[in-house]
Amino acid sequence: MNSHKNIVFVLLTCALWAVSFQAGAKVNENLIEYRQKIMSSISSHLTAIKLIAKEHAKNKNSPLSKNLSDHAHVLNKLANMAPELFVEKSFEPSKSKAKENIWDGKTKKMTHKFQKEMKNFIAATDKVLKLSQGNDGATAMTSLKTLGASCKSCHTDYKAKNLVK
């Protein structure tokens, strides 16, 4: 009888382990959607800054100029959130364009190279924020080139063109 209890115990333990392993392996779809919304917001604020800078180049007294530093501040806040959006269990090629090479195959944590890209991105938004404080679109425009290069570098290496179906 004791051996039957042991067998049942072992089987139940294995079953519970298998269920918890599958639950642990499940991709966090809420995190993927949240990441997509934050990245979309980053794009929107970057576009707003570019539009304000272009308008400022035409009209130094543009009413849009007063919003430049606000957009830069939000962009910088969102950029500082970005590294937290690429945690393990947030890779699913049918739901996200984030490439698998963001995460180390063994540790499932962000690679050092990707972490460096994130730091460069944050530094670029820091510069945009600093140069936008006077709401001068021309000054802010100079920092947008560095930021654009940072975005492009990361998207080239870490963002797929299409979802995998």
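Quick caveats. This is a predicted model, where local features need pLDDT of at least 70, side-chain atom pairs count only at pLDDT 80 or more, and totals for chains, interfaces and linings use all residues. Residues are numbered from 1 along each chain as its sequence is written, and side-chain values use heavy atoms, with hydrogens and water left out.

Now, the overall picture. Of the 165 residues in the protein chain, 31% count as buried, meaning under 20% relative accessible area, with exposed being over 50% and partly exposed in between (1.4 Å probe, protein chains only). Take the contacts (heavy atoms within 4.5 Å) between residues at least 6 apart in sequence: 73% of them join residues at least 24 apart.

Next, the helix pair. The axes of α4 (residues 112-132) and α5 (residues 137-158) come within 8 Å and cross at roughly 165°; axes are lines fitted to C-alpha atoms, for helices over the stretch in contact, and angles run from 0 to 180 degrees between N-to-C directions. So α4 and α5 are roughly antiparallel to each other, the label for angles over 145 degrees.

Most residues other than glycine have a negative phi. Lys108 sits in the loop between α3 (68-81) and α4, and is partly exposed, at 42% relative accessible area.

Terms used: Helix = DSSP H or I, 4+ residues; strand = E, 2+ residues; numbered from the N terminus. Parallel < 35°, antiparallel > 145°, perpendicular 65-115°, else oblique.
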